[in-house]
Amino acid sequence: CAIIITEAPEEICKALSEAFGSGMTHLEAKGGYSNRDKSMIYFVVNRYQVIRMRDIVHEIDPTAYITISEVADVFSNNNKNN
């Protein structure tokens with residue numbers, strides 16, 4: 001998974017959704033050092049998509065902070081056929 005801290009969440013969410021065809025979770029956040037309003041985007045991405053995701057995010061927001069963590073499993077009822 002990727003956690004993206006940014007001040008351009010709408011643009012990043014739109015670009016990632018268009019590029020990968022999947023959703024993400026967008027949460028409001030506040031910078032611990034800067035005390036500025038920010039957003040946190042939680043996005044599940046596979047290892048082959050990480051570089052492309054990073055490039056998309058940094059093209060929109062060069063100052064975005066991205067962390068990558070391993071996900072053991074994903075359970076979801078988000079089925080487009082329902």
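Which charged end sits over the ring of Phe 20? It belongs to Arg 52, and it lies 5.1 Å from the centre of that ring; a charge counts as sitting over a ring if NZ of Lys or CZ of Arg is within 6 Å of the ring centre and within 35 degrees of the ring normal. This is a predicted model, in which local features need pLDDT of at least 70 and side-chain atom pairs count only at pLDDT 80 or more, while totals for chains, interfaces and linings use all residues. Residues are numbered from 1 along each chain as its sequence is written, and side-chain values use heavy atoms, leaving out hydrogens and water.

Let's stay with Phe 20. The structure holds 1 aromatic pair, formed by Phe 20 and Phe 43. Their centres are 5.6 Å apart and their planes make an angle of 50 degrees, a tilted arrangement (rings pair if their centres lie within 6.5 Å; under 30 degrees is stacked, over 60 edge-to-face, the rest tilted). Phe 20 lies in helix 1 (residues 9-20) and Phe 43 in strand 3 (residues 37-43), so the pair ties together parts 23 residues apart in sequence. Phe 20 is buried, at 17% relative accessible area, and Phe 43 is buried too, at 0% (buried means under 20%, with a 1.4 Å probe and protein chains only).

Now follow helix 1 to its neighbour. Helix 1 and helix 2 (residues 50-60) pack at about 150 degrees, with axes 10 Å apart, and are therefore roughly antiparallel (over 145 degrees). Residues in contact, with heavy atoms within 4.5 Å, include Ala 15, Leu 16 and Phe 20 in helix 1, and Arg 52, Met 53 and Ile 56 in helix 2.

How values were computed: Rings of Phe, Tyr and Trp (its six-membered ring) pair if their centres lie within 6.5 Å; planes under 30 degrees apart count as stacked, over 60 as edge-to-face and the rest as tilted. Helices (H or I, at least four residues) and strands (E, at least two) are DSSP runs, numbered from the N terminus. Buried means under 20% relative accessible area, exposed over 50%, partly exposed in between (1.4 Å probe, protein chains only). Axes are lines fitted to C-alpha atoms, for helices over the stretch in contact, and angles run from 0 to 180 degrees between N-to-C directions. Angles under 35 degrees count as roughly parallel, over 145 as roughly antiparallel, 65 to 115 as roughly perpendicular and the rest as oblique.
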